[in-house]
Amino acid sequence: MLLAQDERKDLLRFVTAGSVDDGKSTLIGRLLFESRGIYEDQLDAVRKASGRKGLTHGQLDLSLVTDGLKAEREQGITIDVAYRYFSTPRRKFIIADTPGHEQYTRNMATGASTASAAIILVDASRGLTTQSRRHAFIASLLGISHLVVTINKMDLVGYSQAVFDRIREEMSSFAARLEAIDTVFIPISALAGDNVVRRSEHMPWYQGSTLLNHLETVHVASDRNLIDLRFPVQYVTRAEGGFRGYLGTIASGVIRPGDEVLVLPACTRTRVRIVYGPDGELTEGFAPMAVGVTLAEQVDVSRGNMLVHVHNVPRIGHTLEAMLVWMGAQPMHAGRNYLLKHTTNTVAATVNELRYRVDVNTVHRCQADALNMNEIGRAVLTLAHPIAYDPYRKNRSTGPFVLIDRVSNETVAAGMILDREPEEFIHSPADGASRPRSEHVTRQEGLVTPAQRSARLGHVPATVWLTGLTGSGKTTIAYALEKRLFDEGRACC
């Protein structure tokens with residue numbers, strides 16, 4: 001019974017980030033300690049290490065729970081990305097504790113790549129720093145839509161509401177310039193445990209959730225893409241009797257026996273015959289399940305191909321425009337050749353142009369000839385062969401890629417494909433020719449003109465966009481505006 005209940009819990013992956021000494025490792029240690037997520041042998045090791053650091057009376061240095069490398073313990077900083085697992089009666093969690101130093105920005109991007117939420121720690125005694133803004137920007141760039149800004153070390157500023165309000169206002173101003181992101185602010189003391197798992201008695205002015213309660217209740221189920229079927233083929237298996245199956249992990253969407261699918265990039269049409277799981281045939285498979293698929297016809301399918309629904313097809317092209325987080329020691333210059341790894345496909349790629357570099361402190365665009373390690377910029381790439389992809393904002397499974405140095409075989413960049421075509425002509429996978437995008441996309445005029453529609457309704461058309469922070473009253477105002485316009489006889493929705 002208990003095992004069945006545990007299996008039904010949903011999973012939240014979140015990343016912690018912030019400047020050096022903001023208390024990330026201590027916060028995770030506090031969460032694990034108070035949720036009973038530390039094994040006894042780990043706890044004994046932390047007690048011994050805390051004693052060697054001079055702590056007495058049973059005091060624990062909870063940062064040692066995640067800082068596992070010897071260099072981390074000696075220097076008192078996080079270098080590597082540490083992953084930890086724990087669960088509560090309401091949800092299971094995977095934590096990525098990422099480095100705070102600017103030198104390890106690429107490690108932060110790696111840890112955040114699979115996260116659904118990000119915790120940005122801010123030292124209340126120091127205020128907002130460059131790294132706080134940098135990590136918030138990277139979280140937004142990577143499509144993390146839930147941001148928790150925890151103002152830590154409130155005990156050092158006397159649990160001052162004024163300090164909390166000042167940092168919240170400053171961070172809110174910066175977050176407003178990022179892509180749509182749900183931002184929540186929580187004042188805590190990871191060292192003392194205030195508002196981490198239990199509500200703090202020292203901050204009666206704060207009436208919001210504790211950090212753990214927020215992590216248990218934040219809604220992330222809708223973040224998963226179950227609409228667009230994307231099944232990258234990883235392996236083709238054969239057996240006696242002519243059996244031929246295609247194995248892989250469903251990147252997004254749902255696949256069922258009988259579905260009509262296309263094999264990309266060749267655009268060959270066929271049907272799904274059987275979907276297999278670890279225990280046999282399935283009525284359906286969905287992301288992120290690893291499944292096997294057989295098809296009704298014997299078609300040419302190999303590693304790197306992708307199965308999609310006939311009427312829901314991604315883009316297919318050999319030219320991409322993307323945001324790059326540069327991780328290589330050698331700078332990136334236009335004209336360099338790399339290998340591009342996208343889902344199960346690897347193709348040769350050339351960086352055609354670096355459009356601009358992003359100043360992560362101001363989110364301003366800067367002209368640049370190269371990208372250095374830990375810098376972020378926008379670039380145009382040309383591929384040797386076309387690939388099937390989606391914009392990263394639409395699909396976090398088929399929108400990212402990595403660039404690999406062809407000589408050293410090192411991963412030098414993480415890329416997020418943008419929602420735009422970088423050139424006037426796109427590649428046609430059917431005939432191998434290039435043609436204008438507008439050939440099959442033309443404007444169709446209706447029989448009712450805009451002037452006739454305005455005359456019938458009695459007013460010109462308009463779209464009103466209401467935007468603001470969570471809880472600022474957007475929905476209430478929108479409903480009130482709709483009612484007012486309706487009462488005045490306007491056609492509105």
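Analyst: Helix H7 comprises the 15 residues 161-175, which at 1.5 Å a residue should span 21 Å, and its end C-alpha atoms are 21 Å apart, in agreement with that expectation. The expected span is 1.5 Å times one less than the number of residues. Helices here are DSSP runs of H or I with at least four residues, strands are runs of E with at least two, and both are numbered from the N terminus. The model is predicted: local features need pLDDT of at least 70, side-chain atom pairs count only at pLDDT 80 or more, and totals for chains, interfaces and linings use all residues. Residues are numbered from 1 along each chain as its sequence is written, and side-chain values use heavy atoms, with hydrogens and water left out.

The buried residues of H7 are Val-163, Phe-164, Ile-167, Met-171, Ser-172, Phe-174 and Ala-175. They lie on the same side of H7 because they cover an arc of only 155 degrees around the axis, the arc being that of the directions from the helix axis to the C-beta atoms. An α-helix has 3.6 residues a turn, so residues three or four places apart point the same way. On the face turned away from the buried side, H7 carries the exposed residues Ala-162 and Glu-169. Buried means under 20% relative accessible area, exposed over 50%, and partly exposed in between (1.4 Å probe, protein chains only).

The cover over the buried residues of H7 includes strand S4 (117-123), helix H6 (130-141), strand S5 (146-152) and strand S6 (182-187), contact meaning heavy atoms within 4.5 Å. At the start of H7, the backbone nitrogen of Ala-162 has a side-chain oxygen of Ser-160 within 3.3 Å.

Definitions and conventions: A polar contact is a pair of N or O atoms within 3.5 Å; within protein, one must be able to donate a hydrogen and the other to accept it, and residues adjacent in sequence count only if both atoms are side-chain atoms.
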